[in-house]
Amino acid sequence: MSKMRSVQNDLFRLKNIVFIGFMGVGKTTVGKLVAKKLMRDFIDIDQHIEAKEGMSISKIFETHGEKYFRDLEKQTISDIILNQSLKVISLGGGSFLQKEIRELCLEHCIVLSIDLDWESWLERFEKLKKTRPILMNKSLDEIKELYNERLPIYNICNSNIDVKNSSPESIADYIVESLKYSWELYDSDRIE
Ligand SMILES: Nc1ncnc2c1ncn2[C@@H]1O[C@H](COP(=O)(O)OP(=O)(O)OP(=O)(O)O)[C@@H](O)[C@H]1O
Ligand SMILES: O=C(O)C1=C[C@@H](O)[C@@H](O)[C@H](O)C1
Ligand SMILES: [Mg+2]
């Protein structure tokens, strides 16, 4: 009995891994670590846009408005996903709300949602509020409403990762182990 790796399996292994989730849950922090552990290149969409535009996300919102940023986000993500493979990509927290981005990611990538409960998220709020324009000028009640509104969208994914009380390193280890397991499972299904 020999183990044959099919073309389909090779394609599965080439897929980009995409992290989604609410602002500040750790997509950038964990994505970078996962990329390193899998020896893949890492792309953070917010950082990519900042470099391309030569200004911070806050400044882009301030100068051009949110619509301009959302269009840029859609264009950037589509271009990367349709033209690159084997990457680990962390999306901006609001991008998955756009239907086109969601459909593209779900069709072409492995989509992992990083989930952090509201109480744990609140502990990070002070650190986040200066650099996330969406959090500025909003009361905590309004932010909680936004958090709850977005939850069902982040649940449209291939897998949810609950990160409460875990260090970035241990979250990344867990994700890498789970991915390797699913790749092996896929292999063993194909024993001929
Ligand atoms: N597992 C963790 N435990 C404690 N702090 C964390 C953890 N993961 C990330 N952080 C901290 O939380 C903050 C936000 O993390 P990060 O920038 O990775 O979030 P993000 O999901 O990429 O946010 P955004 O959607 O705004 O890009 C950072 O200060 C980071 O150091
Ligand atoms: O959740 C959001 O809407 C955002 C999250 C950040 O990653 C940035 O993309 C930007 O601040 C908007
Ligand atoms: Mg980020």
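1. Which residue in strand 3 is the bridge partner of D41? In this predicted model, D41 is bridged to K87 of strand 3. The pair belongs to the contact between strand 2 and strand 3 (residues 87–90), where four bridges join strands that run parallel.

2. Strand 1 pairs with strand 3 in the parallel sense over three bridges, and I17 has V88 of strand 3 as its bridge partner. Strand 1 is also joined to strand 4 (residues 110–115) by four bridges, and these two strands run parallel. Within strand 4, S113 stands opposite I20.

3. T28 lies in helix 2 (residues 27–38). Its relative accessible area is 25%, so T28 is classed as partly exposed, the class between the buried limit of under 20% and the exposed limit of over 50%. Apart from neighbours within four places in sequence, T28 is in contact with F42, D44, Q47 and S90.

4. S90, one of the contacts of T28, is found in strand 3. Is S90 buried or exposed? S90 has 0% relative accessibility and therefore counts as buried. Neighbours within four places in sequence left aside, S90 is in contact with F19, K27, T28, G31, F42, I43, D44 and I45.

5. At 1% relative accessibility, A35 counts as buried. Leaving out neighbours within four places in sequence, A35 is in contact with R40, D41, F42 and V88. Two of these contacts recall the sheet pairings above: D41 is the bridge partner of K87, and V88 that of I17. The C-alpha atoms of A35 and I89 are separated by 8.6 Å, although the two residues are 54 residues apart along the chain.

6. Helix 5 (residues 66–83) has 18 residues, which at 1.5 Å a residue should span 26 Å; the end C-alpha atoms are 26 Å apart, in agreement. Its buried residues are F69, R70, L72, E73, T76, I77, I80 and I81. Seen down the axis, these buried residues fall within an arc of 160 degrees, so they line one face of helix 5. On the other side of helix 5, the exposed residues are K67, Q75, L82 and N83. Note that R70 and E73 are in the buried set, whereas L82 is exposed.

7. Helix 9 (residues 140–154) can be checked in the same manner. Its 15 residues should span 21 Å at 1.5 Å a residue, and the end C-alpha atoms are 20 Å apart, which agrees. I143, L146, Y147, R150, I153 and Y154 are the buried residues of helix 9. They cover an arc of only 110 degrees around the axis and therefore sit on the same side of helix 9. D141, E145 and E149 are exposed on the other side of helix 9.

8. The last point concerns P133, in the loop between helix 8 (125–128) and helix 9. P133 has a relative accessible area of 19% and is buried, because the class takes values under 20%. Residues up to four places away in sequence not counted, P133 touches I57, S58 and F61.

Note on methods:
Residues numbered from 1 in each chain as written. Chains lettered and ligands numbered in written order. Predicted model: local features only at pLDDT ≥ 70, side-chain atom pairs only at ≥ 80, totals over all residues. Heavy atoms only, no water. Expected span 1.5 Å × (residues − 1). Buried < 20%, exposed > 50% of the residue type's maximum accessible area, 1.4 Å probe, protein only. Arc of directions from axis to C-beta. Pairing = 2+ DSSP bridges. Contact = heavy atoms within 4.5 Å.
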